[in-house]
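Dear colleague,

I am passing on the structure we spoke about, and I would be glad if you could look it over alongside the notes that follow.

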Amino acid sequence: MIQINGLKKKYKDFSLDISFDLPVGRVSGLVGKNGAGKSTTLKAILGLIKTDGGSVKVFGKDAVRLDAEDRQKMGVALSDSAFSGYLTVKQIKNILKNMYRSFDEDMFEDLCKKMDLPFNKQTREFSTGMKAKLRVIAALCHKAKLLVMDEPTSGLDVEARNEVLDILREYLAKDEEASLLISSHISSDLEGLCDDIYLIDEGRLLLHEQTDQLLDKYGVIKTDDAVFEKLDKDHILAYKKEKFGYSAFTDEKEYYKENYPDLIIENGNIDDLILIMTGGKKK
Amino acid sequence: MKGLFLKDIYLNFSNRRNVLLFLFISIFMAFAMDSTFIIGYTGMLMGILAIGTISYDSHENGMAFLMCLPANRKDYVKEKFLYTFLMVTAGCLIGTIIYFAVSAIKNTTLDPISQLSFGVFFALVMSVMMSLMILIEIKYGVEKSRTAMFVIYGVVFLLAYAVKQIRGLQSGLVSFADILSRTPVSVIAAAGLVLYASIIAVFYFLSLRALEKKEF
């Protein structure tokens, strides 16, 4: 679906240099701190920016050459961009119906009702959460094969986030060939949704791992200075100085459990991954 | 492109107050003035409404999302030109109808062929002006376009002033007008249409180039 090979984009005080693939049927998450390069990567995939090097291919075609026919197969939800707020949900439905050949009007209406979105109110009067829900719904109702979502759950409360994630899971379960590339800074969203995770920091890819591997094999060791000094650091990916000593991120938590039975080892999650890999010292 | 048309129609006419205000001003102008000015005026108002949709589209980075819909940048520019042309034509038509209606009420003598010709002429002139505005809005964005329009009108004014001041140019214009008066109307009309189409084509391609260079 997507092949990114040495994508380069330079801004005044930021440069992106990244490579990765999104195969058919894969659900991949992009994580990283604000300004890490997640949105720039997604914009390059959508052909919204020009690149300074490398190649970005979507459906085997250069992203900047995507035409209307290619975009029929894409569902996009951006965090900072949508239809004008002067349009109502009903008007947006009619616009989408006239844009997408496979637009499912019933699905759109059902999802809007399920999410309590009023049909005849201008969307500028919507709350942040309502706008976020509408962006996701608009991306899902035309049988897209490739979904690209930038922070789709941003601004939603826990309940609404779960509702949106459930819709996404349902969609992906119905069509196993559909792929999703999603960026989020809410790690729990991605843990329950993505097959694999890409960690980006300062425009570079720091880590790529299967989500289940990340949750099973990775862990955070919390220890005092003395124990940390003596610790075998062969399987430590990064560590961070804390008030109590050190937090160290490992990709072999079982090794440390077996060899250091007194150590406190917490299960790894994406928050730890971001915090220690981007904020700590890498080995 | 149908979806983009629908979006612009919704954006322009969802606010009924604006449309009613527009009609009220047009009728008021028609009563206040005994000229075909009303035809061009309504055409211009409708054109400005149409171009206003670019501001709606650009508001809160909306263009990024629009460029992800199944309509590429060429479709977007094409739609803006077509929509604006249709709106200007509709405006001139409404202006012509208002003009005839008000003239009938005021019992003014009418020359329908001449007035309709004025209507068509105004529609063409207005659509050229609006095409230039589309180019400026797309190239410079909503905020900067106001300054750009001011500069362009300033340059046009200075050129007109220069023409008035330079005697050689004045006499050139007089002899040009003289040639025109001796040229058959059909030839002038054909040349005018070619010129019109050429100007619109240049503005269209410049607008497309400006949008293709943009990043969102």
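The domain assignment of chain A, in what is a predicted model, gives domain 1 as residues 2-212 and domain 2 as residues 218-282. Taken over C-alpha atoms, the centres of domain 1 and domain 2 of chain A are separated by 33 Å, and eleven residues of domain 1 of chain A are in contact with seven residues of domain 2 of chain A. On the side of domain 1 of chain A that touches domain 2 of chain A, helix 7 (187-191), strand 9 (196-201) and strand 10 (204-210) of chain A each supply at least two residues, and the residues of that side divide into six nonpolar, two polar and three charged.

As to chain A as a whole, its secondary structure comes to eleven helices and 15 strands, and its C-alpha atoms fill a box of roughly 65 × 40 × 35 Å along the principal axes. The radius of gyration of chain A is 21 Å, which agrees with the value near 19 Å for a compact globule, because that is what 283 residues would give. Of the 283 residues of chain A, 45% count as buried, and of the contacts in chain A with a separation of 6 or more, 68% are accounted for by residues 24 or more positions apart.

Turning to the two chains together, the contact takes 24 residues from chain A and 23 residues from chain B. The elements of chain A that give two or more residues to the side touching chain B are helix 2 (68-71), strand 6 (74-77) and helix 3 (89-97), and helix 3 of chain A gives the most, with three residues. By class, that side of chain A has 14 nonpolar, six polar and four charged residues.

Helix 3 of chain A also has buried residues, namely A:Val89, A:Gln91, A:Ile92, A:Lys93, A:Ile95 and A:Leu96, and these pack against helix 4 (105-114) and helix 5 (128-140) of chain A together with helix 1 (2-13) of chain B.

Within chain B, the axes of helix 5 (residues 73-105) and helix 6 (residues 112-165) come within 9 Å and cross at roughly 150°, and the crossing of helix 5 and helix 6 of chain B is right-handed. The residues that meet there include B:Phe81, B:Phe85 and B:Val88 in helix 5 of chain B and B:Leu116, B:Phe122 and B:Met126 in helix 6 of chain B. By class, the contact of helix 5 with helix 6 of chain B has eleven nonpolar, seven polar and one charged residues.

With kind regards

Methods:
Residues numbered from 1 in each chain as written. Chains lettered and ligands numbered in written order. Predicted model: local features only at pLDDT ≥ 70, side-chain atom pairs only at ≥ 80, totals over all residues. Helix = DSSP H or I, 4+ residues; strand = E, 2+ residues; numbered from the N terminus. Nonpolar A, V, L, I, M, F, W, Y, C, P; charged D, E, K, R; others polar. Axes fitted to C-alpha atoms, helices over the stretch in contact; angles between N-to-C directions. Left-handed = near helix turned anticlockwise from the far one by under 90°. Buried ≥ 20, exposed ≤ 12 C-beta atoms within 10 Å, placed from the backbone. Rg over C-alpha atoms; globule rule 2.2 N^0.38 Å. Domains from an automatic or database assignment.
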